[in-house]
Amino acid sequence: MSIETIKVPDIGGAEGVDVIELCVAVGDQVNVEDSLVVLESDKALMEVPSPLAGKVISVSLSEGGTVSEGDVILELEVVAESADTPTPTPVADEPVLAASNEAPAAAQTSLEAPAENNNETITVPDIGGAEGVDVIELCVAVGDTVSEGDSLIVLETDKASMEIPSPYSGEVLAISLAEGDQVAEGDTILQLALAAGVAVVAEKPVASEASAAVKKTSAVTATAPTPPRSTKVTQAVVDKSKSASFYAGPAVRKLARELGVDLDKVAGSGPRGRIIKEDVQSFVKSALASDEKTAGGSGIPAVPAIDFSKFGEVAIEPLSKMHKLTIVNMQRSWLNVPHVTQFDEADISDLEAFRSELKKEAESRGVKLTPLPFLLKICAMALREHPKFNASLHADGEHMVFKNYIHIGMAVDTPAGLVVPVIRDVDKKSLWELGAEIAELGNKAKKRKLMPADMQGACFTISSLGNIGGSGFTPIVNAPEVAILGVSKMAVQPVWDGSEFLPRKMLPLSLSYDHRAVNGADAGRFFTFLISLLSDVRRLIL
């Protein structure tokens, strides 16, 4: 048996991805491809499967934490593939569970490595009796080599920030905490493979030093002599406060940066005038209240809060992160983009007849040929013919960025919310290739398997409500794109051919565009060209 460290795989370059669910616990037996954690980025939910089968012996993440590629998820006790496979010699950075009866002591878990490995569990020392102390920073990662006295983590109470130094030199094998966790004295911080020649002492010197840092509530301005490592603990607070006339811990400073608050303007209510999180939050609330009362400000009156329960029974449910991000993105696009929507109908009777003729061939290829591959192909040709729609406004507001590639997003409704996977190089793919890719991305979206990279880089978006219903709608442009095509439900309508009314299959379309980048004449020409292709698919070969 061996201990394997399972890490976060490539997640499309996303940083700070939220851990919304742990699917396993210590002691669970997992198989290959079993889900370990569920992650949520700004655009997608994704499950991370196990690459190996084995028993979970430690979990390094917690729900509500954030991760990036390469972060440790857990440690797995893996059974060797063959009984004849020789057991590797235990080394400091690769602990092996002993199975022989002749071994002096068997390893118990990843937190209790074999004695011959000279591993040590580092715990939270005496921190003055404080409970539920926040972990605001991890200073090391698995695989790092630390020296005695190097900082391992930074803790913050309501009165002081402190760094917990390492009592020994060695290599970090596993970390049991995550930023945002709360700890108390005795909680495990990490596992350390001690460097050669390092001896474990009965009493670790760090305990009394960290305790002194917590009990010393005036850590920022204290000038009394302190032990060497205690000086390091308090100095961390002093250094972070030198550049300003206020005192605030790292967590408060981070919150202020996220909210855009100038801490010079915030009055501190903590010990010795120290700014705490509640002070920052109160400052923001006061500023927002002031904006609502002042002419100008954001210019948008707030929707009044209403107690709906006074009218009858209600149920309140939290919004998912994806839903909240959709709200923000849609509101941002609606407020920043001057929308114009044009409506028209396309006669797709011939297209539908051609698609019916291809039904048997589609079945033999294992592809479901819906109208969407045709729409994608036709939109790609229209974007190539009218490059103003395959462009974006530059961030400086003085240039246009014209794209030499054609990637098109397709809105997909899933139980977790609306997602928009992107099909790349649509103009270079056949209808069969597009049909297969549509099915693959749609399936991944519904199973929460989409990666952030699957939803980036679109030039144009198609939003179809055809299978749901409706005769028209005004889709919101997905900035920085400059246009979006809305597709409604096809209906058979009588159409005058000059001598009689004939039943034709008419497809309602709505084209929303950014009037800063596209004018009405451009949109009219684009729309007319697109509808001509839908009405006569033979034009695709021209």
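Let me start with a term: two strands pair if DSSP finds at least two bridges between them. Strands (E, at least two residues) and helices (H or I, at least four) are DSSP runs, numbered from the N terminus. What you see is a predicted model, where local features need pLDDT of at least 70, side-chain atom pairs count only at pLDDT 80 or more, and totals for chains, interfaces and linings use all residues. Residues are numbered from 1 along each chain as its sequence is written, and side-chain values use heavy atoms, with hydrogens and water left out.

I begin with strand β25, which spans residues 483-487. Residue I484 of this strand stands opposite S512 in β27. Strand β27 covers residues 501-514, and its pairing with β25 is antiparallel, over five bridges. β25 also has a parallel pairing with β24, residues 460-464, through four bridges. There, I484 is the bridge partner of T461.

Is β25 mostly covered or mostly open? It is mostly covered, as five of its five residues are buried. Buried here means under 20% relative accessible area, exposed means over 50%, and partly exposed is in between, with a 1.4 Å probe and protein chains only. From β25, A483, L485 and V487 point one way, while I484 and G486 point the other way, and all are buried.

The loop between β24 and β25 holds P480. The peptide bond leading from A479 to P480 is cis, with omega near 10°.

Now the other sheet I want to show. Which strands make it up, and in what order? Four strands form an open sheet in the order β1-β8-β6-β3, with antiparallel pairing. The edges are β1 (2-7) and β3 (29-30); each has a single partner strand, so one side of each is left without a neighbour in the sheet. Between β1 and β8 there are six bridges, in the antiparallel sense. One of the positions to look at is S2, whose bridge partner in β8 is V78.

D71 counts as partly exposed because its relative accessibility is 31%. D71 is also part of a negative surface patch, together with D10, E15 and E69. For patches, the residues need over 30% relative accessible area and no salt bridge; like charges are joined within 9 Å, and nonpolar side chains (Val, Leu, Ile, Met, Phe, Trp, Tyr) within 5 Å. Asp and Glu count as negative, Lys and Arg as positive, and His and the chain ends are not counted. The place of a charge is taken as NZ of Lys, CZ of Arg, CG of Asp or CD of Glu. The areas come from the Shrake-Rupley method with a 1.4 Å probe, and for residues only the protein chains shown count as cover.

Two backbone angles deserve a mention. E33 is not a glycine, yet it has a positive phi of about 80°. E33 sits in the loop between β3 and β4 (35-40), and counts as exposed because its relative accessibility is 56%. D425, likewise not a glycine, has a positive phi of about 50°. Its loop is the one between β23 (422-423) and α9 (431-446). With a relative accessible area of 27%, D425 is partly exposed.

Last, the salt bridges. Side chains of opposite charge can pair when their charged atoms come close. The criterion is a side-chain nitrogen of Lys or Arg within 4 Å of a carboxyl oxygen of Asp or Glu. How many does a search of the whole structure find? The search gives 13 salt bridges.

One of them joins R504 and D350, with the closest N and O atoms 3.8 Å apart. R504 lies in β27 and D350 in helix α6 (residues 349-357), so the pair ties together parts that are 154 residues apart in sequence. R504 is partly exposed at 23% relative accessibility, and D350 is partly exposed at 46%.

R516 and D514 form another, with the closest N and O atoms 2.8 Å apart. Here R516 is partly exposed, at 47%, whereas D514 is buried, at 2%. D536 and R538 also meet in a salt bridge, at 2.9 Å from N to O. Finally, E47, R448 and K449 are linked in a network of salt bridges.
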